[in-house]
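Open the model in your viewer and follow the stops below.

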Amino acid sequence: MKRLVNLTVNGTARELAVEPRRTLLALLREDLGLTGTKQGCAEGDCGACAVLLDGEPVNACLVLALEAAGCEVLTIEGVAADGTLDPLQQAFIDAGAVQCGFCTPGMVLVARALLARHAAPTPREVRHAIAGNLCRCTGYQKIEDAILLAARRRAAGGTP
Amino acid sequence: MSGGFDVLGGRGPRVDAVEKVTGRAQYTDDLTRPGLLHGALLQSPYAHARLVRLDTSRAERLPGVAAVLTARNTPRVPYGVSPARYDEQLFAGDRVRFIGDEIAAVAAVDLDTAAEALSLIRVEYEPLEPVLDALTAREPDRPQIHEAYARNVCAQVEQHFGDVDAARAGAYLVRQDRLSSKMQNAAFLEPQAALAEVDGRGRLTIWSSTQVPHYLQRTVAMVLGLAERDVHVVMPRVGGGFGAKASASAMELATCLLAQRTGRPTKTVFSREQVFLHGRSRHQFWHTMTTGVDREGRLLFLDHEALLDGGAAASFGIATIYYAGSLLGAPYRLRSMRYRGVRVVTNKPPCGAQRGHGGVHARALFETQLDRIAEELGLDPIELRLRNVMAAGETTCNDLAMSSLGMRECLEAVRDRSGWQPRAPRPAAPRAVAAEPDGLRPAGSSAGGNGNPLGVPISAVVRGRGVACGFFVSGAGYPIYRSRTPHASVVVRLDETGGGVEVQSAVAEIGQGCETVLATIAAEVLGVPVAAVRVRSGDTDLGLDLGAYSSRTTLMAGHAVKAAAEHVRDQVLAVVATALGVPPATLALRGALVLAAGAPVVSEAIRTEYVKEHRGWNLGLAGPHLTFAEAARLAFLERGPVVGTGLYRPPALGGSFKGAAVGTSPAYGCSAQIAEVRVDLDTGQVTLERVVAAHDCGRAINLTQVEGQMHGCVSMGVGEALFEEVVFGADGRIQNPSLADYRIPTALDVPPIEAIVVESDEPNGPFGAKEVGEGGIMPTIPAVLNAIYDATGVRVEELPASPERILAALRRDGGA
Ligand code: FES
Ligand code: FES
């Protein structure tokens, strides 16, 4: 039996009818076509499906769509919504933090939540923040570099 | 930029970076098609069983099910990786050989229906005794898994270069050491996925997460009985492969057949558990090495025996077993080498290639053994290595020609960067004791916190550092099937409108950055910014490329794209030369301009025509000088489509002995690393504090990407050294088929990595470039093991060096 759920995704209010056991990940990828959120395990182990739920990182594969009712969801598609890259996205590009890119959407969102809390995180804080997001390609070094670069650029006043 | 290049050797962004940071990059599971069906596989729950009865009738009747496939209604065509060992067939016939062996596939309107259909398939199994222990798999009383493999021996190798026995007689010091490992999983983030569709002309397209579109095309054509021209393989973005996606899978073949039978597009996506059941990652190895040196520590011989657990099929394993031997031929001058390898089959998921194919654990043992030899000789381990490293121009005893080799430079670079102090002969007890203010106690005081007045648990932490080297091929010298086929072909085509450059090829971009490499080389040759170059890749309609394996793409497709871009450049310059009335040889392309005798030129005629054609448009012409865009447009006007082609075929390489093909390469990369670890003597926990890595990649095409590959190599090596292990139960079931239980390194496990790019000029590489994607993993495991020994005084002889194994070694050898 489907149920109605109302939520805001990337700034747009949505009303959808979903099966109670449908995950937020399935809602985003299949119902809304927002395939930037990735499924690496469907078990909460990899972080590829990370999105921000009311500003907090969650693994969308572990959240039921109904649990997100009334929430604001930010996916990677909403990060550069007006067509200009977010400073974090630019930093990921500049620092070479992207290889296969499968972990990248989740990494960018988790980093965004970190920088919202800590404008100037230490390398250690960065590592802790992304510890739930697996990356098999980069060894994390350049991801850390990217997040610190974004923080530095923001502190230097280059960006809002 | 190095060496007078404009874009080569820089730090420009990846060409696919924007789409990947914005979520626009599309991977196979992101694709859909009208009328899409969902495929699912029925896989064996038994490691070894006879299929007594298989009844699919109820599944076929379930509404929403479009097709059910089994061995009974599909082609029985053997396939695999090496043509001499085609031992796989789509769907089990009368026998299943591992948990996960495919029995049937269904296509249904949605995944729930597909799952229900699978549950309605009745299978009666007669369980057989499984062969799970590779060490005893050859014993005469063991069941035989494949008819073709008597005593379960899938492959056996004997090679002898020089005279090991004579060398042994003259050796000053001879050591024998062992190391074994566990089966591993590549654990890329994107599970395998495939979407297949047959178009109105009957042509099959498969979008797949493969890393070998060409071999997938051949295998699909062969198994389905189609002409190769009727099979079109396309790679969407791929989320890592590392080797395990380098062979056609039953899932891909089943998806193609489902699409063919139903006439509807069908998509199948692996769960994470299925990634583990499918396997095709690192083998389990047992290595024994006997090595002799003279009084000065010069290597005289290596006598090497290896046993490989290959799982239930040959897969890539024939190459694996040869690589396990041949990749020890360098980077040290080794006068003689004997190698005896056996690969057995067992009732486990088949093993295949994984980053550093076949050579990683052999290298780990050899490099730890070198440390032991150095210690016995009272030599610093770096000094021992420096006494033995080869130099460019030398050839190994197994006929590998080191056309460039910055091995000494790499070793010296990590030594100097890390602040390595030449090592005095170590005392019996652990050294590098940390007595830290935060309650850490020096090693050697009583363990377990006795005598601690507050009763607060305290721990003993010791530190150590270790060094190791390695080398790797820049592409396999021969294709997997016997052929004189070029290994890579590339087309460069200039936009008819002028200015744009398109590179068309079938190279496999799996995250390693080969599109950026191709774009950079084309941009360098054509004197345009990298951003002017579009790369289309991973599409068998666009060219031939053998795929992303053996670290071949930069060198091989790099040559092809360079040739194709030069071909285009020459056509453009010929047209411009005629228009300007100057000899073509005086012209060049640089900075998006045409240069004559090194200076920008002005051509009223060309400019006028170009501006007239575009009346009213803002053309972005910055100055009066003749641009690449104008020249390209003129070339089209004068002679039609400007298309350049290039191909690469390696020269004849290597010796003529059996197996000589594996390990030969046009060029070899090499690397050295120093790892610094902290070991908790109470828990056995190892923490990496720092890795200093140097890699000779020839000329770097893009420095940032070279570093990225080095980091990725170290990261995977850290996981393999410390915790990665596919664990099997007594029934052959994988106990940890998830990313929670099969632990790969997190951001907290990988230490800061200092990557030093050592550039050499490789004569056989495009612009002097060679590999970096795999060679960088070679030193990691032994550097970590040597550091653990330096810290604790104990050697772990079974990988991964988990806390349990370290504690056991400490108890055994009394390190602390
Ligand atoms: S897909 Fe959600 S954590 Fe892996
Ligand atoms: S870039 Fe491939 S998993 Fe992170």
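Buried area is the accessible area (1.4 Å probe) that two parts lose on being put together, summed over both. This is a predicted model: local features need pLDDT of at least 70, side-chain atom pairs count only at pLDDT 80 or more, and totals for chains, interfaces and linings use all residues. Residues are numbered from 1 along each chain as its sequence is written, chains are lettered from A and ligands numbered from 1 in the order in which they are written, and side-chain values use heavy atoms, without hydrogens and water.

**Stop 1: inside chain A.** Select 3–78 of chain A for domain 1, then 87–155 for domain 2; these bounds come from an automatic or database domain assignment. Their centres, taken over C-alpha atoms, lie 21 Å apart. Domain 1 of chain A brings 17 residues to the contact and domain 2 of chain A brings 13; contact means heavy atoms within 4.5 Å. Together the two domains bury about 1100 Å², 69% of it on carbon and sulfur atoms. A salt bridge is a side-chain nitrogen of Lys or Arg within 4 Å of a carboxyl oxygen of Asp or Glu.

**Stop 2: chain A against chain B.** Show both chains. The contact takes 41 residues from chain A and 50 from chain B. About 3600 Å² is buried between them, and carbon and sulfur atoms give 59% of that. How many salt bridges cross the interface of chain A and chain B? The rule finds 6.

**Stop 3: one pair.** Zoom to Lys38(A) and Asp30(B), which form a salt bridge with their closest N and O atoms 2.4 Å apart.
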